[in-house]
Amino acid sequence: MGVSGGTSRPIIVDDWMSLDGDDDMVDDYDSPLTDLEDSTGGSEYSSLEEAFSESSGSEYGGETYKEQPAKKRARATKALDTGIAPVTKGSGRKKTTLSLIVTMPIDILLEIFGLLEPADLLYLSRTSKAFRAVLLSNNAVSVWKSARVNRGGVPDCMPGMSEVKWADLLFGGSRCRVCGTKGITRIDFGIMRRVCTSCLKKNLVYKPNFSSKFPDLDPIIMDLIPFTNIGGWAHGHASGSKFFWSDDVPKMAVQLGMYQKDVHMFKSGAKKRLEDFKQSRKRYVDSVVDHAVVCDTWVDEDRKRHLLAATRLRHQNKELIKARLVLLGHDANDVARMFCHRAYAVNKEITDARWKRLLPRIERDLSEVKEERRLEEQRDASSRRKLRLLQMYSDYVQQLRKALVPPSESFLKLCDVADFINSPPTVERESEINACRAFADKFPEFCTGYINQTKLALTQLLGPSTGVSHDTLARQNQGINAPDETLLQLATSIFRCTTSRTPLITWDKVQYHKCPSRVYYTGMATFACTFSISQSGIAAASSLLSLVGLDAKTTTATTMDQLQCYFFCSNCPPKPENRGTYRMAMDWRRSVIHHVEESHAEPRWELLSAVQLKVIHGSCPPEFPRATDLVWCCNKCDKHHIKPVNKAAVIDHMRW
């Protein structure tokens, strides 16, 4: 806020704001400057004269901007003005009172007041008329100077300003001295006022606009009144321009006019007095400019000093609160964690009364932190146990070399496994590892039970679909949970996965099936497939068995493989090739797959004769493929079922 090219410096208001509505804890730094605010129950005075005049209308700093507050109601009875405080009847205990302090000698009062700070004196001046009269007397000037010294480093008064006005400007509150707006932390020392931005915009006169604003006044006035280089729209940033307070201009015009009038009346020595007045005012303006720089520097240093002091006090209070909580039996780690997650900043001395108010809220927050810590430790322990069990389970199922394994989530949902995962964390990690290893012994039993349940479910599906007699399912009807292995090996036992159209012929194909959407999943978790009966596959297999003269209820897939019969699909017309046509000869397995994938409405086949088989195989013995030929497919799983691979890939696949 310099007047000669500097920037504005704020004076912070000491509005003690709490984190949760409590005045004992604050989040931000509060400067002790301008710390006379609304604690007296009223607002700031519009001017210093109103603040300390007998006709201000209120002894406690009431509103004086628009209307005076109502007068106090007179008490019905008054005690005799004897200088002795009245004693309450019916009380045997002697009560203390400060009413006699105003009867003390003035010199003793001034000695006492000399130990206070400017804000304290302002408080006292607004408590009673007696104190105000004492503090505004000429004998109290030294008291206000001592108060500045006690405050520490406060600059001398601005040129032409009294000690009382200077104290009121610095520490008299954060209200705008024009409109009464609260929270005005910046003092413009150039114009010696604490004014809000709105009032600055209304009352500041830009130097180039002086002639248009005051066309009848002498422009020399601009050299005789203080100015600021921070405009109302500058947001606190200084510039090289000059701005004058509008009320100062007519006042100076009146004073200057008196001297100019004497000159026009040709009074003796009038010109010299006019020139001396101009020079004295110019020197006054220069002294204001120089002193404003000093005040700006002091504001910066004072703010840093009190910020450091407040930081130290907050740190001391923080350590004190920690020590007291530990003495009350709380865990030191929980206390430290609470201060890391809760922004506590106590800017005042922790007295017993203040500690009594703070403790319930702090203990409530501490209990929340303890619960958060407990839940976090529980989540970490559960996640750690779950990952360890999943890794062990994944390692085990990979050794089975089967695709049909229980899903990992089903294992984790077992009662004893879930209870272990969700049990409270233990201090020793070795005990958790041993407990996880104990569950590994249950993997074989769990996988065997899952396979058995899957077989039972498929057997129950096959009953109505394949026409199996009730004698075949008698064991299941009697409540025996052992599946019928023969039934699952029938040539008509054809299933399908809900995620694939390819039929799965007999249990051998089911147990090695992997869903195409999950073949490339490399995580530790395993997933369950949902199987159902392939009605079109059963119809195709039944028609093939009828064609070769075998019973669909007893013929197994192995029997059909040994027949080595080949078939033509009568639903598919011959395909042209090399100026001729051909038809695809398929074994019974490929025929079933062809019927399902082509979605024929009804299976129609033609059995190849011996002559046709001889044409297919040829008279010369077949040539075996080379190791690099891509002709090998896996008939047990889907990994290499469609796309042929070479011999090396087959060997690697068989090792897996």
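Helix α10 (residues 270-327) has 58 residues and spans 82 Å from first to last C-alpha, close to the 86 Å expected at 1.5 Å a residue. That expected span is 1.5 Å times one less than the number of residues. The model is predicted: local features need pLDDT of at least 70, side-chain atom pairs count only at pLDDT 80 or more, and totals for chains, interfaces and linings use all residues. Residues are numbered from 1 along each chain as its sequence is written, and side-chain values use heavy atoms, with hydrogens and water left out.

**Overall make-up**

- The protein chain holds 24 helices and nine strands. Both are DSSP runs numbered from the N terminus: helices are H or I with at least four residues, strands are E with at least two.
- Of the 656 residues in the protein chain, 40% are buried. Buried means under 20% relative accessible area, exposed means over 50%, and partly exposed lies in between (1.4 Å probe, protein chains only).
- Among contacts with a separation of 6 or more, 62% link residues 24 or more positions apart. A contact means heavy atoms within 4.5 Å.

**Helix α10 and its partner α11**

- G329 follows α10 and has a positive phi, near 105°.
- The axes of α10 and helix α11 (residues 332-341) come within 9 Å and cross at roughly 145°. Axes are lines fitted to C-alpha atoms, for helices over the stretch in contact, and angles run from 0 to 180 degrees between N-to-C directions.
- This α10-α11 crossing is right-handed. A crossing is right-handed if the near helix is turned clockwise from the far one by less than a right angle, and left-handed if anticlockwise.
- From α10, the contact uses K318, I321, K322, L325 and V326; from α11, it uses A332, V335, M338 and F339.
- By class, the α10-α11 contact has seven nonpolar, no polar and two charged residues. Ala, Val, Leu, Ile, Met, Phe, Trp, Tyr, Cys and Pro count as nonpolar; Asp, Glu, Lys and Arg count as charged; the others, Gly among them, count as polar.

**Helices α5 and α6**

- Helix α5 (residues 141-151) and helix α6 (residues 163-171) have axes that come within 9 Å and cross at roughly 35°.
- The α5-α6 crossing is left-handed.
- V141, W144, K145, R148 and R151 of α5 meet E163, V164, W166, A167 and F171 of α6.
- The residues of this contact divide into six nonpolar, no polar and four charged.

**Helix α2: two faces**

- L109, L110 and F113 are buried in helix α2 (residues 106-113).
- Seen down the α2 axis, the buried residues fall within an arc of 100°, so they line one face of the helix. The arc is that of the directions from the helix axis to the C-beta atoms.
- D107 and E111 are exposed, on the face of α2 turned away from its buried side.
- The cover over the buried residues of α2 includes α3 (118-125), α4 (129-135) and α5.

**Around F495**

- F495 sits in strand β3 (residues 494-497). Its relative accessibility is 0%, so F495 counts as buried.
- Leaving aside neighbours within four places in sequence, F495 is in contact with L458, L462, L488, T502, P503, L504, T506, V510, S532, I533 and S534.
- T506, one of those contacts of F495, is found in helix α19 (residues 506-511). T506 is buried, with a relative accessible area of 1%.

- T506 is not a glycine, yet has a positive phi of about 70°.
- Q564 is not a glycine either, and has a positive phi of about 55°.
- Q564 lies in the loop between α21 (557-563) and β6 (567-569). At 60% relative accessibility, Q564 counts as exposed.

- G257 belongs to helix α9 (residues 248-264). G257 is partly exposed, with a relative accessible area of 28%.
- The C-alpha atoms of G257 and L217, 40 residues apart along the chain, are separated by 9.6 Å.
- Q391 belongs to helix α12 (residues 352-400). Q391 counts as partly exposed at 35% relative accessibility.
- Q391 and S408, 17 residues apart along the chain, have C-alpha atoms separated by 9.9 Å.
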